[in-house]
Amino acid sequence: MDGYTVAWLSWLGLFVVVEGKALLNKRDGDTLSEHVWRWFATTKTKTRETEQPSGWVRLRRFGLLAFMGWLTAHFLTGGRF
């Protein structure tokens, strides 16, 4: 096992610990999903229920969609995309 494998496995292990703790404590706003939803303004709040998203919010959401699409294609094609 080389250093990069150890580093990636360590990163994955740390993620599992942090996410696991966040899932078990039942508080709002501590899991990765909840952070992504807040960062990209994908959840509705009472003040935003009837408002149209701003251009900045739409750009952030498009960036997330484009990144996730690329990452999925990248993994499924073995890095050819």
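Predicted model: local features only at pLDDT ≥ 70, side-chain atom pairs only at ≥ 80, totals over all residues.

In which helix does Trp-70 lie? Trp-70 belongs to helix 3, which covers residues 55-76. With a relative accessibility of 36%, Trp-70 counts as partly exposed, because that class lies between the 20% limit for buried and the 50% limit for exposed. Trp-70 and Phe-81 are eleven residues apart along the chain, and their C-alpha atoms are separated by 7.5 Å.

The mean pLDDT of the protein chain is 91, and 91% of the residues reach a score of at least 70. Among the elements, helix 1 has the highest mean pLDDT, 97, and helix 2 the lowest, 92.

Let me turn to the overall architecture. The protein chain contains three helices and zero strands; read from the N terminus, the order of elements is α-α-α. The radius of gyration is 17 Å, whereas a compact globule of 81 residues would have a value near 12 Å. Along its principal axes, the C-alpha trace spans about 55 × 40 × 15 Å.

How much of the protein chain counts as buried? The figure is 9% of the 81 residues. The accessible surface comes to about 7100 Å², and carbon and sulfur atoms account for 69% of that surface.

A nonpolar patch is formed by Met-1, Tyr-4, Val-6, Trp-8, Leu-9, Trp-11, Leu-12, Phe-15, Val-16, Leu-32 and Trp-39. Together these residues have about 1300 Å² of accessible area. Helix 1 and helix 2 are the elements that give two or more residues to the patch. Which element gives the most to the nonpolar patch? That is helix 1, with eight residues. Met-1, also a member of the patch, lies in the segment before helix 1. Met-1 is exposed because its relative accessible area of 79% is over the 50% limit.

I now come to the loops, starting with the one between helix 1, residues 3-25, and helix 2, residues 32-39. Two of its residues are of interest here. Is Thr-31 buried or exposed? Thr-31 is buried, because its relative accessibility is 8%, and the class requires a value under 20%. Beyond its neighbours within four places in sequence, Thr-31 is in contact with Glu-19, Ala-22 and Leu-23.

Lys-26 lies in that loop between helix 1 and helix 2 as well. Lys-26 is exposed, with a relative accessible area of 71%. What is the phi of Lys-26? The angle is positive, about 60°, although Lys-26 is not a glycine. For context, most residues other than glycine have a negative phi.

Ala-41 also has a positive phi without being a glycine, in this case about 50°. Where is Ala-41 found? Ala-41 sits in the loop between helix 2 and helix 3. Ala-41 counts as buried, because its relative accessible area is 6%.

To close, I would recall two points. Thank you for your attention.

Notes:
Residues numbered from 1 in each chain as written. Heavy atoms only, no water. Helix = DSSP H or I, 4+ residues; strand = E, 2+ residues; numbered from the N terminus. Buried < 20%, exposed > 50% of the residue type's maximum accessible area, 1.4 Å probe, protein only. Contact = heavy atoms within 4.5 Å. pLDDT = per-residue confidence, 0-100. Patch = residues over 30% accessible without salt bridge, like charges linked within 9 Å, V, L, I, M, F, W, Y side chains within 5 Å. Areas by Shrake-Rupley, 256 points an atom, 1.4 Å probe, with all protein chains shown as cover. Salt bridge = Lys/Arg side-chain N within 4 Å of Asp/Glu carboxyl O. Rg over C-alpha atoms; globule rule 2.2 N^0.38 Å.
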